Amino acid sequence: MSKIGVFICHCGENISATVDVVRVAEAAGKLEGVEFSTDYKYMCSDPGQTLIKQMIKEKGLTGVIVAACSPRMHEPTFRKACSSAGLNPYMCEMSNLREHCSWVHDKSEATTQKAIDLVRTLVGKVKYNKPLYSIKVPVTKTALVIGGGIAGIQSSLDIANAGHQVVLVEKDPSIGGHMSQLSETFPTLDCSQCILTPRMVEVAQHPNIKLLTYAELEKLEGFIGNFKATIRKKAKSIDEDLCTGCGTCITKCPTKKIPSEFNTGLGKRTAIYVPFPQAVPNKPVIDKENCLYYKNGKCKICEKVCPTGAIRFDQEDELVELEVGAVVVATGFDVMEPSKFSEYGYGKYKDVITGLQFERLASASGPTLGEIRRPSDGKIPEKIVFVACAGSRDPSKGKPYCSKICCMYTAKHAMLYQHKVHHGESTIFYMDIRSAGKNYEEFVRRAIVEDDVKYIRGRVSKVYEENGKLIVKGVDTLLNAKPVEIQADMVVLATAAVANSGAEELAQKMHISYDAYNFFSEAHPKLKPVETNTAGIFLAGACQAPKDIPETVSQASGAAAKVAILFSQDELSREPVVAVVNRSAPPLYSTCVGCFMCATACPYQAIGEELITNRKGEVIKRVAKVNPGLCQGCGTCVAFCRSKSIDIDGYSNEQMYSEVMALLND
Amino acid sequence: MNEFEPKIVAFVCNWCTYAGADLTGTSRIKYAQNVKIIRFPCTGRIDFMLLLKSFGEGADGIIVSGCHPNDCHYTSGNFHARRRWIMFRGLLDMLGIDVRRIQYSWVSAAEGAKWADVVNTTVTAIRELGPYTDYAKVAGYLEKEANV
Amino acid sequence: MKELIQKAASLLETNVVQVVIGYGKGSADRTRAIFSTTAADCEQLIFDSRCIQNLAVYLTKAEIKKMGKPAIVAPLPVLRSILQLAAENQITDDSLVVLGVSPESELIEFESLAAIETYLATKQIAIEEKYQTTIKAIKAMPVSERFAYWVKELEPCFKCYACRAACPLCYCTRCTVENNQPQWISVASHSLGNLEWHIMRAMHLAGRCTDCEACYNACPMGIPIYLLTKSMLQDVSENFGTYGPSLHRDNTLSSFNPDDKESFIR
Amino acid sequence: MQTENHLIRKPSLEKLFNYLIGNGKTIYAPKAKGKLVFFDNVTDFGEVTEDYIVTTNSAKSVVFPRTEKVFSYKKSKESTEIIDAADNTYPDVVLWGSRPCDAAAFIPLNNTFNEDYPDIIFNKRSQKVLVLSFSCSYSDDYCFCTSVNGGPGNTTGSDILFTRLSTGDYLAEVITEKGKLLVTENNSLFEPKPEESKEQNLALIKAYFNQEEIQTKLQNLFENPVWDEKSRACLGCGSCAYVCPVCSCFDIQDEAHGHKGTRLRCWDSCGFGLFTLHTSGHNPRETQGARWRQRILHKFLYMPNKTKVAGCVGCGRCSRSCPADINILDTVTSL
Amino acid sequence: MKIGFYPGCSLTGSSREYNESLLAVAKVAGIELCEISDWNCCGSTAAHNLNRELSVSLPARNLALAELEEMDELVVPCAACYNRLVMTQHELAEKPEIKALIEGKLKMTLRNDIRILNVLQFLEKHIVPRLDELVKSPLTYDVACYYGCLLVRPNQVMKDERFEDPMTMDLIMQKLGANAIDWPFKTECCGAGFSVSKTEIVGELSGKIVRSAVDRGAKAIVVACPMCHFNLDMRRPVIESYLQRKIDIPVIYITQAIALAMGLSAQQAGTQRHFVPVNLTVNR
């Protein structure tokens, strides 16, 4: 017979303001199997937890129900409290009186009655709870870091410096990411590449880091501590061991007019190429789509000129399987393709460019070697208009969210321009200036006051060309809201930061969740900002939401710390919520009849077979068997099993059945 | 006479809809009290027999809700569930068990408002359909069939 | 017929199999399952239109399995059941010899289970029009009336479980209905217990049933339970396309297609 | 009491039926559904069929329903309240159109339910049942009542036995006081006994064996290959037991709904594999052969040993209903 | 399928040529447009600023009439009428309480499922797919397609991806053989709201539109709204006085352009009714 203790929390007034907690406690006390019930102001507080522990000991409770907030919030707290009082933690459950009752209903009899119903329902379940013991699984102390931008670089270095192995996977031929494309960084205006490239080199040389560039995640299976990742190493058509990175092949390649991705199309590259001079690794790859040999079977000049004979035209993609214990996702972001805003003329007028393109124009390593020259004719623009929020904060055509970095980089762009073209004029159309951050507001002020950047509060409606000038039509909402027209030589759109185009697919491969904009979702917006809902997978950088560099680096180090914590243990305790095939029920030691449809239904290949033998060693039965290490506890097999031979601990047939019964019978 | 208050059981998955309903709470969006949630790890875990039992024990309506396709925490539990419900619904329909009384939905952890809407529209719909007397009569065999 | 008897006898004589499951003469004008263990026994084998019992049910019975490797006389419905049993890991190529009987009562020998699948590919399960009409008519009833119809149809059921016993695919050693922790389905044969039992039975056959009608033939009370499985069979083909037992296709309910279509989930 | 014989004309039968209905009786009578005939609750004489050898289901459910409420309960933390079902609300039942074998089955059934202690519910129901049987003019290959001390015109267990005469009218043998009361209440419908003899209007049913001989034989047949052989095709369902007019095994089930619930007794069958399964996993009747043996021994050895009356009335229902064509007569005669 | 037709006041008055050319094009294509009998004012301009209930009731009655006549689609050539009808349909669908109120007032019920098409949608659906066979004498000059404000707004209802820079007319004109120039004034305001009260504003706003079209080499401006046409064509003197220059670029309806391309006469296309003479033989 159960002796359940029911503890009703007021949650300050969060629950007690709409639910008559005293009556709920009274009603709970009358339920069969309930030994003790009470209400208390804050169950999660120290005295609240002490009360539970005390009652477990005093009343000999066999189960505990805390009716308070969502179990997603405090279930671990109360289970731990029970455990410390000697009660198996899985005998403790939480009834969600706050999120599912008091916060969604007004104060009324029906609300209190619902609270009583919810508690009774859970009493029905807890009667059938049984002690469970966490499952120990070994930890593979290698981390997989996906994405070699600043986030991935920082995470990799931190994990590697903690003494653990790292495999860093980057889809492009070089690590570096967006940060390597930037000219200077706000608010210090220090050169982006100057601070980044040493880190890139460190990655390449670190004994604990294995770098796989031009590679992508193909598949991720397994679970925390025991993932199996399959990486597709795209064919580089180069034998990396032989290649010395001398660059002869690049010089001789006849296909020279491919728009350079690194230079956002403002520069050109060859078919065999390194994306930029400081690339890591500094060894070329052949772009098969543009290579003459791959296109029409003739050329092979690079092969002829290569002094080490490193060209491999027959190289194929290679799939590498890795055992890893944790994954850091640092796949970064993309800028919105502004062609959706045809009224801004992007794509139509060469001199309408994105902010990222401007970075390349301003960069010393860029196509203009750092001189601001407009793409159409190479002239130095006398007047530039910057359009902030091009796609951000725009629910009708773009993204409803704020991209967070544009205010700052636009100020930086204008400032860089003013520094380089002293007689130039720069105008910024903006909605609000968001410069929250250390030294950020001062930076913007400097742009306005010292560099004479003109800020116009208003949006741009149209950009069009007339007589060789770009006419920017907009409105100045501060000056009696008059339409303004500015004749500019170049327009820079601060396009929204968006999730990568493959983000959704990648999330599905890893079974992590993502938001409406395809940014990956953190496990908790405040308290678990680097974790995902899948244990062992962490987030770093702008793949989670738009971020600037300092924030990205902090999160990357945070993710690395999480990995290091995970790797500090040899074994992990896993929630024992796993499926089990019965092995005692008659007839013949299990009711399983071995149809193995559970195995086809299992998303984790966690179901194998077991041969039951008699004393003579003869096989008398072939039944399903769940591997508790692989099972993730979804319970699909349980609902599928016709003979009810599989059950799942924590959500067993008896528990769920009893919950339904208790809910509907008062 | 008191207005009919439908009894509605919601079978929801832990990762999406339960979390979505938590968000409804944190967003303080109001909905009707008639729906009570039972938490499952995944829609794949929800046994059709539990739905049947609910009607047998006097439920007037049922909500079954989980992660959107492709968003399942366990990758495919909801796909299995969807097939199961397609078949189950067809069978119930054949048997004259009122399929309008079971509302299936996908509510993600981010769709707090949708959860409130699902609850409210279901409560309204069931209120319009009235108490499930057809099933209750069958379930109340003891009064009727004592002399088989 | 002679061919079948000879083949069966030779299989026993050469000890390829130890028992031949076939049809023999039964009470009055009925036929019944007979289990021949000697060549002489095989003389009693018959096959005609009265042989409607689905013999595949015996392939999973412990008492029959003990007799050794079987050969089984298999007209179309039995062949389908055999294939489904194979798909469910209950039998393998080595575990039996199939003596197929064509609709023209001719012996067909099968090299393997795969050969049965090839043969059956040309003999798709089709719901007869009269049943389609009945199902349509039932579905056209107002929902309350339809429910009342079924409650009345199922009322005579006294839960002898002959439907389950006669079904080759109900080979569980402990049925859900015999599980009392929890008691999923009332043991009692009152309206609710009957309804729940038949819903569960139909659901457990969803995507598996091969439409042999053994359940209906076995029912002493003559309840048209096949209408449920036939209706579900239609649902399977309408919703998921291909239907019928197969060795290489996963079972309907233990598999899925991310693009499965439905109209009722919001 | 001394049997009284009367003549009742065909149209008067309907009047008698309507009289019973008019007096609030619940009538169970043979009713056709498709090709099958069932005992069912009938309120209109037109629904009653005469075209049957025996019905598919037996008549035992009038005293031993397939689901019987024993009591219901309500409990709280402090107390449990039992509401006993064995009250006097059982209906006055008239079993109309039972065959002599059906009526005879009430004797062994009664023996079982009163063997060691009287079953209140069974007895209360029995007291309220009036059995109006009709003799058999036809039989089929499955009938063998004459082998088990019965016959097509046997009066055992009936209150009145009607035998159809060549004229289409009926001989009414009034066997019990209950029957006599009905005749008294409907005096006008009953005429003096007819000339025509009963026997010439009865079906001829061959006696295949002698029940007492079988009883003796079975004492030494516990270990015998015949059980496995004859039950090989058995599918392990319960249809034989459920259509049997004598089988009386039941299972006690509690149906709980929160703090309320009902205790039911439900039919069970020795044919089910799990019937004798122990919690330990051991099953004393492991095989279908052992189950079939139990069924035969129980009916033809254990019951007559204990109560002098066999557990089989030779109606042949089990054989007719068996989906695998296991024939009880076939087994018994092969011993 | 029955295609209904709601002309509205403009098409029976100031822009008869729009009406004529549309019907002529439909006739060539073998499409019957059934005018709603007893249609009433759409309530444009005045009603929705003054009386909300009236502004919904007026179009709702027209929709109800169309439903009574069992029309599946309803073609509304005037952009202002179209806007009112579509907005009403949207409002009725979103707000059941308003629908109930209006139904009560009108003593009519509404299924509210009729598909309302503006001229561009009508052309795209019924004419464009068949242009290849219907175009007999392709147009060979440069044109500027002017959309104005109402055809693409409000975006929440219209759901056009490119409401700031629409392309529908441009694509149709290209199919007719003409070259639709790239110009920035497609959706600029023509000043219709002040067409009567403050014509000098029309002079400035429409002037800039016309000037841009001419300066970019267009030989005609193509429109699909009677108000646009009214301002660009009839208000040409005011425009010219604002621009201080004589401008003779004609303004034609898209339906007229199609009619001409189909080989219909200027008479049939109604181009003789314009204030600015239409003389479109000049090649590019």
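Analyst: Let us begin with S105(C), which counts as partly exposed because it has 14 C-beta neighbours inside 10 Å. A residue is called buried if 20 or more other C-beta atoms lie within 10 Å of its own, exposed if 12 or fewer, and partly exposed in between, with C-beta atoms placed from the backbone. This is a predicted model, in which local features need pLDDT of at least 70 and side-chain atom pairs count only at pLDDT 80 or more, while totals for chains, interfaces and linings use all residues. Residues are numbered from 1 along each chain as its sequence is written, and chains are lettered from A and ligands numbered from 1 in the order in which they are written.

User: What is phi of S105(C) near?

Analyst: Phi of S105(C) is near 65 degrees, a positive value in a residue other than glycine. Most residues other than glycine have a negative phi, and most peptide bonds are trans.

User: And where does S105(C) lie?

Analyst: S105(C) lies in the loop between strand 4 (97–101) and strand 5 (107–109) of chain C. Helices (H or I, at least four residues) and strands (E, at least two) are DSSP runs, numbered from the N terminus.

User: Then there is Y161(C): buried or exposed?

Analyst: Y161(C) counts as buried, because it has 26 C-beta neighbours inside 10 Å. Its phi is near 60 degrees, again a positive value in a residue other than glycine. Y161(C) is found in the loop between helix 6 (143–154) and helix 7 (162–166) of chain C.

User: Staying in chain C, how many bridges join strand 1 to strand 2?

Analyst: Six bridges join strand 1 (residues 19–25) of chain C to strand 2 of chain C, and the two run antiparallel. Two strands pair if DSSP finds at least two bridges between them. Within this pairing, G24(C) stands opposite R32(C) in strand 2 of chain C. The two strands form a hairpin with five residues between them, and A28(C) in the turn has a positive phi of about 45 degrees.

User: Why is strand 2 of chain C largely enclosed?

Analyst: Five of the six residues of strand 2 (residues 31–36) of chain C are buried, so the strand is largely enclosed by the rest of the structure.

User: New topic: which peptide bonds are cis?

Analyst: Among them is the bond from V280(A) to P281(A), with omega near 0 degrees. P281(A) lies in the loop between strand 15 (272–273) and strand 16 (285–286) of chain A. Another is the bond from R153(E) to P154(E), with omega near -10 degrees. P154(E) is found in the loop between strand 5 (142–145) and helix 9 (155–158) of chain E.

User: What is the strand order in the open sheet of three strands in chain A?

Analyst: The order is 24-25-26, with antiparallel pairing. Strand 24 (460–466) and strand 26 (482–488) of chain A stand at the edges with a single partner strand each, so one side of each has no neighbour in the sheet. Six bridges join strand 24 to strand 25 (residues 469–476) of chain A, and V460(A) stands opposite G474(A) in strand 25.

User: How many residues of chain A are in contact with chain B?

Analyst: 41 residues of chain A are in contact with 40 residues of chain B; two residues are in contact if their C-beta atoms, placed from the backbone, lie within 7 Å. Helix 18 of chain A gives the most to the chain A side, with seven residues.

User: And how many residues of chain A touch chain E?

Analyst: Six residues of chain A are in contact with six residues of chain E.

User: What does the domain assignment of chain E give?

Analyst: The assignment gives domain 1 (3–119) and domain 2 (137–273) of chain E; such bounds come from an automatic or database domain assignment. The contact between these domains takes 22 residues from domain 1 and 23 residues from domain 2. Helix 2 of chain E gives the largest share of the domain 1 side, nine residues.

User: Lastly, how many helices and strands does chain D have?

Analyst: The secondary structure of chain D comes to ten helices and twelve strands. Buried residues make up 47% of its 335 residues.
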